[in-house]
Amino acid sequence: MTKATKRTLTWNGMLFLGAVVIITLIGFSFHIIGIPPAAGSEPVAITILHTGDLHGHLDPFKPRREAEYIGGMARIATLVNKIRAEQPKTILLDGGDTIHGTNLANMTSGESVISVMNALGYDAMVVGNHDFNYGLDVLEKRAKQAEFPILAANVRFKNGDPVPFLPPYTIIKKEGLKIGVIGITTTRTPWITHPDNVAKLKFLDPVPVTQKYVAELQDKVDMIVLLIHAGTEEEQRIIEKVPGIAISVSADTHEERYVVKERVILVDSGEHGKVLGRLDGVLQDGTLISHSHRFIPITPVIEKYAAVEEILAPYRAGMEERLAEVVGIAAVMLDGEREDIRSRETNLGNLVADVMRKRTGADIAIQNGGGIRTSIDVGPITLKEIFTVLPFDNYVVALELTGAQIWQALENGVGDVSPTGAFPQVSGMSFIFDPTRPCGDRVVEVIIGGKPLDMDRTYIVATNCFLAAGGDMYAMMREARVVLKTGDFLRDAVAVYIREKGIVRPEVEGRIRKKGQAAETFHLTIVHANDLHGRVDLFIRLGEIETVGGLV
């Protein structure tokens, strides 16, 4: 998509009026925010639109327990073009974790996502930890494809050299107005992407880095925006210690947020393009003299912008044919919901862990909950669903770990009081933990093969190559000896397993329990037949034309 094509994107308002009428406006208020002055200027209106944690959600999707399909970049494009037509001084930013996550993104290594972002005319994006998932070489290709800068001020090569395709900041110019945007990426990235993807990089403390670039920009621009992909703690450290930032546009928490702290406006648009964040402000003499913020829901009443649909059509066609294959049937809902898979045992977690243990012949298996991204409904299971559940290019491997290292791994997995991607889904074992005890001392009991864990014994542990490389802070696995590299992607191993089984009905079995939690109550379904009289095969009843019956 060329810049000329970008300029052709205009709003078709025929169907949009009805959408605007019913849009809910959330978090609407006014504040005065001070930033370094530039005396003598007239009041200037500015609008900042923001997305983040898109995770490749280009098409509308239906969240569990919701009735309608929401989101979709073609709908967001309609909104963006409408707003730009009304307010030329509009900036469009993205908070990262953008180019990886869905089949439509993953099967093109993010190319489809950047093509759409170019069409929308994004002004800047900060690189998120999952944007490294395809590896550094692919990220460089995506950065070169992008018609906007992908920022990362605190990312360097190990020798200290800057990463040329990840600039530290950009200056966005809109009709004489200059806005400096500094990009910051979480320092936790080496543990929450595959460590091999960032092995050549180091992630610097963002506070001194931000101080450096604020000082460099403050005399060149009218306002400074921090574009950050990190948790709230890292963001808070920066705004407390670095004066001169007017607005922080963030992602990583997957939560919609609008607050004002330390005289800085903090906004986060949540996840997957469910809403478009809109911040409207009036800037005078270097100060935001007023502002308002809202989250605009992306609902079916918003018309899809045709040019974006045209971009996506060939990508969809190539993907759908391959992924439409039905590989088996789910007799029960397979629970991969984010809040469940990252905090407790689920039946889908059990299935994935069982697949790894079966594939390797290991004693036990450990799968990080964060590697399982969604659920599968009752009914036919397609390759598309499996690829959506397991979007990462992680191989199945087997390691040698001592009992003490396994205990340490479990402590790491339950170390966070809130749901975390490190939470372990397991096979071949069970354990009890006490979340009220201090971090690092929460595991109470571990049973393997019906016997208590032997701290001195060496066990074979199946896992994915992300954890084997120390991802999600499983450092003890990085130190372990690898005894088997299957070469199989985990999602492919799961597909093979389901094909062999035909019908899967995994259960929650009490493999993981909190101290004091009773064992799970199980539901038993009995299927029965009688008076078969040897009717093993299909047969045709008198007067009918269809075959019926048959034990098959």
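In this predicted model, helix 5 meets helix 10 through E111, S112, S115, V116, A119 and L120 on its own side and through V308, I311, L312 and Y315 on the side of helix 10. The points below describe the geometry of that contact, and then the other topics in turn.

**Packing of helix 5 and helix 10**
- Helix 5, residues 111–120, and helix 10, residues 306–323, pack with their axes 10 Å apart and at an angle of about 170°.
- Because angles over 145 degrees count as roughly antiparallel, helix 5 is roughly antiparallel to helix 10.
- Sorted by class, the residues in the contact of helix 5 with helix 10 are seven nonpolar, two polar and one charged.

**Nonpolar cores**
- The largest nonpolar core has 80 residues, of which L120, F132, L166, V308 and I381 touch the most other members.
- Helix 3, residues 73–86, supplies the largest share of this core, namely seven residues.
- V308, which also takes part in the contact between helix 5 and helix 10, touches M73, A74, A77, V116, A119 and L120 when residues up to four places away in sequence are left out of the count.
- As a general background, nonpolar side chains tend to be buried together in soluble globular proteins.

**Helix 12**
- The 14 residues of helix 12, residues 347–360, should span 20 Å at 1.5 Å a residue, and this agrees with its end C-alpha atoms, which are 20 Å apart.
- Eleven of the 14 residues of helix 12 are buried, so this helix is largely enclosed by the rest of the structure.
- Those buried residues are N347, L348, G349, N350, L351, V352, A353, D354, V355, M356 and T360.
- G361, which follows helix 12, has a positive phi near 70°.

**Helix 17**
- Helix 17, residues 490–501, consists of twelve residues and reaches 17 Å from its first C-alpha to its last, close to the 16 Å expected at 1.5 Å a residue.
- Within helix 17, the residues L490, R491, A493, V494, A495, Y497 and I498 are buried.
- Just after helix 17, G502 adopts a positive phi of about 80°.

**The chain as a whole**
- The secondary structure of the protein chain amounts to 17 helices and 29 strands, and 55% of its 552 residues are buried.
- Among contacts in the protein chain with a separation of 6 or more, 74% are between residues 24 or more positions apart.

Note on methods: Residues are numbered from 1 along each chain as its sequence is written. Side-chain values use heavy atoms; hydrogens and water are left out. Helices (H or I, at least four residues) and strands (E, at least two) are DSSP runs, numbered from the N terminus. The expected span of a helix is 1.5 Å times one less than its number of residues. Buried means under 20% relative accessible area, exposed over 50%, partly exposed in between (1.4 Å probe, protein chains only). A nonpolar core is a set of buried Ala, Val, Leu, Ile, Met, Phe, Trp, Tyr and Cys residues joined through side-chain atoms within 4.5 Å. Contact means heavy atoms within 4.5 Å. Axes are lines fitted to C-alpha atoms, for helices over the stretch in contact, and angles run from 0 to 180 degrees between N-to-C directions. Angles under 35 degrees count as roughly parallel, over 145 as roughly antiparallel, 65 to 115 as roughly perpendicular and the rest as oblique. Ala, Val, Leu, Ile, Met, Phe, Trp, Tyr, Cys and Pro count as nonpolar, Asp, Glu, Lys and Arg as charged, and the others, Gly among them, as polar.
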